[in-house]
Amino acid sequence: MPLEKEAYFGEIDRSKHGLVPVAQVQSYKGLIFGNFDPDAPSLVDYLGDVKWYLDVWLDAMPGGTSLVGETQKIDFPTNWKFPVENVCGDGYHLGWAHHAAMQAVQTMDLAGLRAGNADASGLDMGMSVAGLNGHMVLAALDGQSGYAFYPNPKPFVDYLEANRSKVVERLGAVRAQKLWGSQLNITIFPNLQLLPGLNWFRVYHPKGPGKVEQWTWAMTENDMPNDIKGMILDNQCLTFGPAGLFDNDDGDNLAACTEQSRGWRTAQMDLYTHMALGHSARREGFPGDIATGLVSEHNQRYFYRRWQELTGAASWKDVPSYNLNRLASEG
Ligand SMILES: [Fe+2]
């Protein structure tokens, strides 16, 4: 400690002023989580049945996954919940907010989402999954659309088809054929998102009211050939890097939403959040409470519900745990 004797006169008890120890550190298939609360549930219980979806990325191939490239840090003026909400469930904004970006890079169908939303056919070709302890998944179901926003998806589709039988052995047919290779937006409540396909991994760090710092990495399967890993890093920077086409569209909108929501007149108005309310159900073969398609406010409602449950609870004992429509194999 600098000048401990000269400036503090040797009077400071350093044992009482150290860093706060992290009470729990646990890992799940390569991801390491820390928690300051000794009373928090175990990581496995906290994740619950979202693990079934998470394994489609973390455990599909025997080599597991890695982050590649540099840590990409940006901060921007928005409430930290907005970018999480944007990615956890909002397929509605895509065709308009990212019209130009989609025209530039989209080469395959992605659950009916198209530039300008001029053609709404096929919007039911995906699902919005929630009811999993506040964790959420958006999923296309075609086994390849994760690479829909790559200028040349062929090397990726070839890799998927060459290896799909291995994934069937590891995860079973439903996940291997419908989810592996599909665009998946996985949100681990509250501030971690993994997007297999677009292949990024992101943590949001709230920096005070109306400010967030986001850390993003490209993510690959270790079994992928090196040239594919390089193309993934390039495409992640092109789409969702600090100067990425899609991230810049979103950043402008989310900053504007934050600013607009602060307005005195805006605060007098009700926010309509009922899109697809009452239109979710059990879907055979998949855990969670599931709404059809990626265009819905189903997941966003669960996100804010979980936030309310946690901020309204006096202790972890008061926080409900729910894994709706659990598969028998997960019981
Ligand atoms: Fe977006």
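**Exercise 1.** How far apart do the C-alpha centres of domain 1 and domain 2 lie?

*Solution.* The model is predicted; local features require pLDDT of at least 70 and side-chain atom pairs count only at pLDDT 80 or more, while totals for chains, interfaces and linings use all residues. Residues are numbered from 1 along each chain as its sequence is written. Begin with the bounds, which come from an automatic or database domain assignment: domain 1 is 14-47 and domain 2 is 48-330. The C-alpha centres of these two domains are 25 Å apart.

**Exercise 2.** State the order of the strands in the open sheet and identify its edge strands.

*Solution.* Strands are DSSP runs of E with at least two residues, and helices are runs of H or I with at least four, numbered from the N terminus. Two strands pair if DSSP finds at least two bridges between them. The nine strands follow the order S3-S9-S8-S7-S6-S5-S4-S11-S10, with antiparallel pairing. Strand S3 (65-76) and strand S10 (280-283) each pair on one side only, and are therefore the edge strands.

As a detail, S8 (residues 200-206) and S9 (residues 212-221) share seven bridges. Within this pair, Trp200 has Ala218 of S9 as its bridge partner.

**Exercise 3.** Describe helix H6 and locate its kink.

*Solution.* H6 covers residues 154-171, 18 residues in total. From first C-alpha to last, H6 reaches 24 Å, close to the expected 26 Å, where the expected span is 1.5 Å times one less than the number of residues. A kink of about 50° is centred on Arg164; the bend is the angle between axes fitted to the seven residues ending at a residue and the seven starting there. After H6 comes Gly172, with a positive phi near 90°.
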